[in-house]
Every structure is written in structure tokens, then in C-alpha cells.
Amino acid sequence: MPQREYIPRDYTVVQENGQAPSSASTDVTLVSADGDSPFKFTFEALRPGLFRTSFSSKTHPLPPHPSTPRPAPNLGGTTVTSKSSESHKTINLGGVTATVDWSGPPLVSLQLDGQTTPIHRDLEFRSYVADATGIAHYTRYKRDTLHVGLGEKAAPMNLSNRNFILSVTDCFGYDIYRTDPLYKHIPLLINATPEGCVGIFSTSHSRGTYAVGSEIDGLWGHFKVYRQDYGGLEEYLMVGKTIQDVVRIYADLVGYPLLVPRWAFGYIAGGMKYSMLDEPRASDALMEFAAKLKKHDIPCSAFQMSSGYTVAETEPKTRNVFTWNRHRFPDPEGFVAKYHEEGIRIIANVKPYVLANHPEYPKLVASGALFTDPRTKQSGVARLWSAGGGESGEGGHIDFTSEAGFNWWYEGVKALRKCGIEGIWNDNNEYTIPDDDWQCALDGRPSEFGSHVGLWGRSLHTELMGKSSHDALIELEPDVRPFVLTRSATAGTMRYAASSWAGDNVTSWDGMKGANSLSLNAGISLIQCYGHDIGGFEGPQPTPELLLRWIQLGIHSQRFAINCFKTDENDNTIGGVIEPWMYPEITPLIRNAIKRRYELIPYLYSLMLESHLTALAPQRWIGWGYESDPEVWTPEVMAGETQYWLGDTILVGGVYEPGNSTARMYLPKNDEGYLNLNAPHQHFAGGQWVEIDSPWQESIPLLARVGGGIVVGKDLQTRSAGDHRFPSPNAVEDDYRAVEIFPAQGSGSCTWYEDDGISARPNISKFTLTYSSSEEISVGLKIEGEYVPAWKELDIILPVGEKRSVVNCKRKTNSRGREVFTFVF
């Protein structure tokens, strides 16, 4: 792309908000005097740890639809000091000193109290730059430190020394270590160091790039540069001691993760093949799938129904969103009701475009529901995926800034919900529009800066699609939390979508390994109910060893789904599927793993509630909470590929090579150490690398932090306490709880959250089990909140080999070699 950098230099302070430039304010407004079009630069302290900057002009307007609204300043109760000079201003608040220097191009630096150097500093002489229709922002790059975020980027987790495209695409069958871009457009970059962390977040939906230390220049040294194709800059700077401090400030800005219905934490099945079948009919094939689940005693909570249900019955057999193929599904309502009887919810695939042969295409064109091509002054026409892999047809994307387009989608989603479908699967929503100049309708929005999609952003429509799906579900059931699953996402999208996943991954050992990195960066970016297509969406069928390893790993993530489209050379429209029973020799092992997933649901669900309340990601980098341990800042640990925390108690590892039965893991420094949850169940001290035996037909490496505990439930599907809509004999009452504790000499605790699993505005109760141990173990339970669960007693499960008794509790039959005691409260 052409480079046309221009650096405004001659800035003066302007009076704003009735304050004189010399007053002790917490903001700075500057205007450049050089150049044809003056640039305005602003800096403002909004809250402790949160600052806003902008850089704009008439030719480079601020984002017309920022991905988060501008918050009002809130410095109440915070001690603030401010000093100004002719070309310099210093503001100290909340343990951070912010400095703005405008003796040349504006320079912003941020420094934590007690530190001798800034944690963030703009690049001298080249900080805020106009570049053709867009901007660039240059900052200093700290080598050998950790950079994370950006929503979803190729592995490893550490983004340092790399260059990224800030855009999204339909990257079917991507390389998890090389493909860029993927599916998420979230310009949030966090630099983490042992001394503290700083995050930079741009609110623009425009495309761009981020060079995270990958560009080096003898003149400019080591730097980072954020480039934005269109418009001016609005950025938020966030400062804290830890990554979690910054993530919490970011959540205060853009919104906390949504509540997720409890049923979505079970096994979610899928596979494009089923809904593509004509003989047997797709609906019959899916009922047969449900029967096989029962035959093999494998619980299942939901099914992702691919878009084959929308394929036209006659040529050309393309996908027509919000229509039904009545041959494959003669009675949609009856089919959904039968699945409900099996205890399985339907998550229906929808795509935000229509091909020219869609029955409502003429109506949508006439109503202005699609984009406009300025060259033809007609509805924009693009090549769109329509049938099998790599096949396409002509049509147009829904313009969600169009009232007609937004409402058409809204009504379509309502129709699906009225049919009984509970989950909406917003798919193929990357908006790969071919021309920046295509025009948006902008109904009800200001258009003074033009209507072209380059400035407003393709990803804006991903966000608005999420809003339309979300709001339609809310209208029909305002008291039930909606479930929207989205493939593409912006920061704003996650205000409407409860869950996401890593798209169309490939079956490979590297694909399983690299997926951990994507999960960790997604969680940091507030996509915290996230997962992967277990076994791989595209590519060859997994071997028995790879499939079992991937399932063993996948049950320890927030989203556990097996969904795929295995390209078939003989029939590119149907493809192969992964089924839990496809290898009879390991079906019992897969059954056991999935049943363990259901036991873990109370723990996983509690982590979701904690995420909703505090923005704490369920899956965490192993340095999370262990920032004082120097080893977590080494390249191998910062890569984030091979292990992670699930909550604060379980350390999850993996084996990522065929035929290998050991794993190398780092155990962060702590006082009590760790227990191996698999044979030989030994104790390890913290602060060391260890080799863990992990035969593939037994388990992946799993270690528990001594002094912690995890809450568990039944190993089968249970009914959410607040959800009486779809009774099924396959979903029993959720009336059993146990806590697996890992005691040492001394005290420990386990805290978890519960609610009714479905309400939009639930009462959430907090449960804290405390225990102390010496010669015996004693326990206590504290309950806070109004929600009353169905279980009335609590089992205490001790680790294998633990011989001490739990006092004042009744001993029960042991479970998998572990002593169990019942605590009645």
C-alpha cells in the first residue's frame, strides 16, 4: 500500500470546557498550526488507570461508530495532582503519572509509582501520524517482554516481534501458526512485564495493521506501530500491575462477558453432513444420531445444526438463510420438539448474506437492505460461498445499518426461535466485501463524513448482526438469557454474543497445540466462553490417539464442541463427520472423558459466572497470579502453547506428538506445591519444570494446586433449576454437589458461584468451603446470596492416597480410588 505519512508538529494548547490552559485540569487539548488541515490531539484522564487519547481532523474524523461509547470521567475519591508548563503537562492519579509533552509531535508517557522508567511511551518525533486516508500511531517497543490480546491471532500466545493484519476473513482450513488474519477484529494490545502492564485499545472498525516490534529502523530504533486505513484515532490507554488489572479496566470500558445458559457447557455435537442429507432425510439422520448417543451412554446438551437445512430443494441448490428445506425437514417444529425430548437444544446456523436466487433477494434489493456499489449505483454484488468447499455464487451482504436489513434479520431470527430453536449461530460473518467504497445506508446515523464501508468498517456489521440476533431473542423471551454464537467478533460484538470459537481449524497435532494460545488471547480480549472444533473442522479424520487426546484436552475448556466438515473428494457438498463412537476401541474412553466433562460443569459454570462478574478469564496463562516468578517471563512459558490454568486450581497440560506419553510442564512457584491427578499421584514442589507421565489411553497431564478445590456434580446431563420449558428424561435434577479438595498441612478453600442457569437477571449465590488439616481434616461452608440450589448436602472428595478422615462427616463408598465424606449443613 502507498505510504503518505505526514507528522503535524507545531501544536498549541486550546481552551476547552471553560478551563484555562494553565489550570490544574486532567485533560489536554492541542491543535496543530502547520499543514492545510489542522489536527486536534486530546488526552484525558478518565478513571484510575484509564486514559483516552484522540488524533483527528476534518479529513480524518474520529470513528463514526466506535466499538465502545465514550465513558464519562469518574475520578471521585481519587487524589489527583496536575502541573502544567508551556509545552508540558503532568497528571498523577491512582498510582500512575501521565505526562504529555508537545514541544514537538505530542508524546504521551505513563509511569507507575515506584518505577524509574515509563511503562508506556510514544515514539519521539513520530508519534501521531496522518497517512493518506488513515493514521499511524508509533510507540516504544520493549524487547523480551510479553504482548497479548488482539482477539484471536495465530499461535504462539506471545505476539512480540510479529506483524498482524487487523481485519478478518473466512479462513477455512487455516494454519494455526501462520495464517493471518483469522476471525476476530479487536485492536487491543497489552504489554505485560514483571513491573506492570499497559493496554492500548483502538475503537475503530476500520481495517489496519499492527507491527509489534517486527519493524526495526536504525533511526527510529525498536517500536510498535498501529496503522489504521481510514479516519482518525481514538485510543484508550489502560495501566495496571497485572494483566488482570488491565483486563478489568477494559471490561469496565467495553462491557463484561455475557451470562451463558448452563446447557451450553455440556457436549455440543455437530457436523455439516447431517443437515445436508436427502436420503435418509436430514431430520431422520439426526434422530438416528440422538439414538446412538443413548445407545453409547454419551450425554449431549446441544447440536449445532449447519446450514444444510436452508439449502433449496431445487437447482441451484444454494443456501437461503431463514428458509427450510421441506424435504430434509418436513416438520421443523416437530423435529425440534423431538430433540428437546432427547434433552438436546438446537443451535441453528445463519449467514448474513443472500444469493441472487434467494426468494427474498428482489425484496431486499428494492428495500435498500444490501450495500450500494457506487460504480453502478445499484446493490453491490459479490461472490459468496454457497454450496460445497470453495464453491460460490453471486449475491449481497445484509447492510445492518439499513433499517430494512436489520429488521429483516431480526424477524428471521424470531421465526427460528418460535420454531423452538434456542441458539443462533452467527456464521460466515466476516464481511469480506471487495471494495472500501461500497456505501452503507446509515439509516438513523450521521453521514457527514461519508457512508463508505472503509471508514465505517466491515466489522461494524458483525457487531450489528450480533445485536439484531440478540435483541430478537430478547423480545420473545425477555426473562431468559439469549444464546448467540458468533464466529467473527469485534469488542462490541461480545455485548450481544455469549460465545465464540476459533472457526474452521484443521486436524493436526499442531492444530491442537496451537489452539491453547488462541484461547488464552481470546480470554484476555474478553471472549471468555470460547473453544475449538474438537478433532479439527477440516482435514483428514483424526487418528484414535489424536481424537482422544483432543477430547481429553477439550473437556477442560469453556466450550466443548465436536463439529466438522471433512472435505470429500467424491462429494464436496456433504463431507465427513467426527463421531464419539467412530473408533469402537476407544469409545469407552471417550464416554468417560465426556462424562468427566459433565462432572466438571459446576466448576466450569462457576468460572463463567466469575467471568461475568469480574472479567476473570476461565482459561489463563500460567503466569497469571504468579508474576513474581521469573520463570514465567521466559520465552517458553510466554508462548502459552502447551499448558494453562483452568480457574485457579487445575493446571492443564497436553501431549502434542503421536506416540509420546510424557509432557514437560512448568509449575509456578507457590508454597504448597501441586498434586498429580493421575497415577502415580505424586506431589511436586512449585517453581520447577517436571516430566509428567501421560499414556494416551489414560489422560492428559492434570495437576491440582495444593490448598485449592473444585466443585463437581453428576456425570450426566442435569436440568437447570430455572428451566422448566423442555422436560426430558435424559436430563435429571441437578441435586448433587461435591468438592474435590487437595489438602496439605494447614488451611485451604474453594469458592464457587451458582444460579438457576437460565435467567436473564439471576440471583447469584456464592459458596465458600474452607478446610483445615493436620491429623484430621475439618470443613466449613459459608453461603452468600439468595439463590437456593437443589442439593442439600455436600460430598468432600479427597485425593487418591489421602488417608486422613474428614471430621463430623459421614464416610461413603470411595469413588475411583478416592475417599468420600458427606458434609451435612
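Colleague: What makes helix 3 and helix 4 roughly parallel to each other?

Modeller: In this predicted model, helix 3 (residues 282-295) and helix 4 pack at an angle of about 5°, and their axes are 11 Å apart. Angles under 35 degrees count as roughly parallel. Helix 3 and helix 4 are therefore roughly parallel to each other.

Colleague: Which residues meet in the packing of helix 3 and helix 4?

Modeller: Contact means heavy atoms within 4.5 Å. Ser283, Leu286, Met287, Phe289 and Ala290 in helix 3 meet Phe335, Lys338 and Tyr339 in helix 4. The contact of helix 3 with helix 4 has 6 nonpolar, 1 polar and 1 charged residues by class.

Colleague: Why are helix 9 and helix 10 called roughly parallel?

Modeller: The axes of helix 9 (residues 509-524) and helix 10 cross at roughly 10° and come within 10 Å. The cut-off for roughly parallel is an angle under 35 degrees. Helix 9 and helix 10 are therefore placed in that class. On the helix 9 side, the contact is made by Trp509, Gly511, Met512 and Asn516. Their counterparts in helix 10 are Glu545, Leu546, Arg549, Trp550 and Leu553. By class, the residues of this contact divide into 5 nonpolar, 2 polar and 2 charged.

Colleague: Which 8 strands close into a barrel, and in what order?

Modeller: The order is 20-21-22-28-29-30-31-32, and the pairing is parallel. From one strand to the next, the twist averages 25°.

Colleague: How do you know that strand 29 and strand 30 pair?

Modeller: Two strands pair if DSSP finds at least two bridges between them. Strand 29 (residues 483-486) and strand 30 (residues 499-501) have 2 bridges, in the parallel sense. The pair therefore meets the requirement of at least two bridges. Leu485 stands opposite Ser499 in strand 30.

Colleague: What makes strand 45 and strand 47 edge strands?

Modeller: The open sheet has 3 strands in the order 45-46-47, with antiparallel pairing. Strand 45 (746-754) and strand 47 (777-784) each have a single partner strand, so one side of each is left without a neighbour in the sheet. On average, neighbouring strands of this sheet are turned by 15° against each other, direction ignored.

Colleague: How many bridges join strand 45 to strand 46, and in which sense do they run?

Modeller: Strand 45 and strand 46 (residues 765-773) run antiparallel and are joined by 9 bridges. Pairing asks for at least two bridges. In this pair, Glu754 stands opposite Ser765 in strand 46.

Colleague: What lines the largest pocket?

Modeller: The lining holds 35 residues, and Arg596, Leu677, Asn678, Ser699 and Arg816 lie nearest the centre of the pocket. A lining residue has an atom within 4 Å of a point of the pocket. The volume of the largest pocket is about 870 Å³.

Colleague: What makes a space a cavity, and how many cavities of 30 Å³ or more does the structure hold?

Modeller: In a cavity, a 1.4 Å probe fits but cannot get out, whereas a pocket is an open set of points. The structure holds 14 cavities of 30 Å³ or more. The largest cavity has a volume of about 190 Å³. Its lining consists of 20 residues, and Arg345, Gln717, Thr718, Arg719 and Ala731 lie nearest the centre. Helix 11 and strand 42 (718-719) are the elements that give two or more residues to the lining of the largest cavity. The classes in this lining are 8 nonpolar, 8 polar and 4 charged residues.

Colleague: Where are the cis peptide bonds that join Ala155 to Pro156 and Glu315 to Pro316?

Modeller: Pro156 lies in the loop between strand 13 (146-149) and strand 14 (162-166), and omega of the Ala155-Pro156 bond is about 5°. Pro316 is in the loop between strand 21 (302-305) and helix 4 (332-341), and omega of the Glu315-Pro316 bond is about -5°.

Colleague: What is phi of Asn161?

Modeller: Phi of Asn161 is near 60°, a positive value in a residue other than glycine. Asn161 lies in the loop between strand 13 and strand 14.

Key: Residues are numbered from 1 along each chain as its sequence is written. This is a predicted model: local features need pLDDT of at least 70, side-chain atom pairs count only at pLDDT 80 or more; totals for chains, interfaces and linings use all residues. Side-chain values use heavy atoms; hydrogens and water are left out. On a 1 Å grid over the protein atoms alone, a cavity is a set of points where a 1.4 Å probe fits but cannot get out, and a pocket is an open set with protein on both sides within 12 Å along at least five of seven lines; lining residues have an atom within 4 Å of a point. Grid points are joined across faces, edges and corners, and a volume is the space filled by probe spheres set on the points. Helices (H or I, at least four residues) and strands (E, at least two) are DSSP runs, numbered from the N terminus. Axes are lines fitted to C-alpha atoms, for helices over the stretch in contact, and angles run from 0 to 180 degrees between N-to-C directions. Ala, Val, Leu, Ile, Met, Phe, Trp, Tyr, Cys and Pro count as nonpolar, Asp, Glu, Lys and Arg as charged, and the others, Gly among them, as polar. Angles under 35 degrees count as roughly parallel, over 145 as roughly antiparallel, 65 to 115 as roughly perpendicular and the rest as oblique.
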